[in-house]
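Hello,

Here is the structure we talked about handing over. Please have it open while you read; my notes follow below.

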Amino acid sequence: MTLTFAAMQPAHLAGAVRLSADVGWPHRKEDWRLVLGISHGFVALQEGEVVATALATPFGNAAMVNMVIVDAPLRGMGVARAMMERVMAAADPASWHLVATDAGLPLYEAFGFRRTGKIIRYQGLVADVRPSGDACWGSTADLAAIIRLDRAACGMDRASMYSALSNEARLAVLRRSGGIAGHAFVRDFGLGRVIGPVVAASADEAQDLISFIMSEHSGACLRVDTRSDTGLGAWLEQSGLSADTAGGIVMQAGTVISGPAGPVSVFALASQALG
Ligand SMILES: CC(C)(COP(=O)(O)OP(=O)(O)OC[C@H]1O[C@@H](n2cnc3c(N)ncnc32)[C@H](O)[C@@H]1OP(=O)(O)O)[C@@H](O)C(=O)NCCC(=O)NCCS
């Protein structure tokens, strides 16, 4: 096995899509491009073919590891370990975060990651849902306030992610006299659309945001990735979505960020890659 390692470039995206499709992930080239655009990416190449990927996305004093895939015939030979060493040398944050599959768990534990939560993926054809509150569509003028709200919710500076999302997602907001009190994005992803990130002060307000978006997507294929402890699961199922076995394990290494210090929290992920 002769592998070369290289920085991931847009020219590698077609090979990356093949790898993710092989493991049953729905990412389109556009979905990969969004993550790569705000990340340090690495590939392993065998005779010019992309046979492994791994990315690190810096978010201020934190960073996410994501899109770690090794082509099936090359597994169990230390390729993922070699990719992780490159990825974790590309940034020096106080804390590392990721959402792991069961297959990735032993690899990440070997790099000092510990479980801190569980993500459940809900998806399906959305029922005829009525908006439960007073959410409305926002605009790019709201972006600075939204980035501040997100930082209060997750403790990370995800301005780069929000800036990338704003190019291709629609934004719903809850407006209060004090400004923006919650927000949710919806965008194309895989074969359907994903709602997230959703940041709000309570599960009720998260539902106000999500139900507003659902009301405009009757019958569409929607996906929501939420932590198992947000309390949204039963309501998402009533809205037509089903819990999928392919959830994720939330893991952190380094200084552990233990939940929101402010009045808001993250009720749904932008994606399992970006948290
Ligand atoms: C998870 C995955 C990336 C591991 O790739 P790999 O190249 O086989 O992993 P490595 O050979 O580098 O193993 C690295 C370490 O992980 C552990 N590990 C990896 N696969 C393991 C398995 N199936 N069982 C137990 N331990 C395993 C080992 O402890 C190994 O440590 P060692 O080097 O001390 O032996 C690969 O199985 C894969 O692509 N899976 C599908 C996509 C996926 O789920 N990615 C994770 C996304 S979060």
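What percentage of the 275 residues of the protein count as buried? The figure is 45%. Buried means that 20 or more other C-beta atoms lie within 10 Å of a residue's own; exposed means 12 or fewer, partly exposed is in between, and C-beta atoms are placed from the backbone.

Two notes before the rest. This is a predicted model: local features need pLDDT of at least 70, side-chain atom pairs count only at pLDDT 80 or more, and totals for chains, interfaces and linings use all residues. Residues are numbered from 1 along each chain as its sequence is written.

Overall form

The protein has 8 helices and 13 strands. These are DSSP runs, numbered from the N terminus: helices are H or I with at least four residues, strands are E with at least two. The C-alpha trace spans about 60 × 35 × 30 Å along its principal axes.

Domains

There are two parts, domain 1 (4–93) and domain 2 (121–246 + 257–268). The bounds come from an automatic or database domain assignment. Their centres, taken over C-alpha atoms, are 27 Å apart. Across the boundary, 10 residues of domain 1 are in contact with 10 residues of domain 2. Contact means C-beta atoms, placed from the backbone, within 7 Å. On the domain 1 side, helix α2 (residues 29–37) gives the most, with 3 residues.

Core

The largest nonpolar core has 89 residues. Such a core is a set of buried Ala, Val, Leu, Ile, Met, Phe, Trp, Tyr and Cys residues joined through C-beta atoms within 7 Å. Strand β4 gives the most to this core, with 8 residues. Both domain 1 and domain 2 contribute at least three residues each. A54, M83, I195, V198 and L209 have the most contacts inside the core. Leaving out residues up to four places away in sequence, V198 touches A184, A206, L209, I210, F267 and A268.

Ligand

The ligand has 18 residues around it; R75, A80, G104, P106 and L107 come nearest. A residue is near if its C-beta atom, placed from the backbone, lies within 6 Å. β4 (62–70), α3 (79–89) and α4 (105–110) each supply at least two residues of this shell. By class, the shell has 12 nonpolar, 4 polar and 2 charged residues. Here Ala, Val, Leu, Ile, Met, Phe, Trp, Tyr, Cys and Pro count as nonpolar, Asp, Glu, Lys and Arg as charged, and the others, Gly among them, as polar.

Best wishes

Methods. Contact = placed C-beta atoms within 7 Å.
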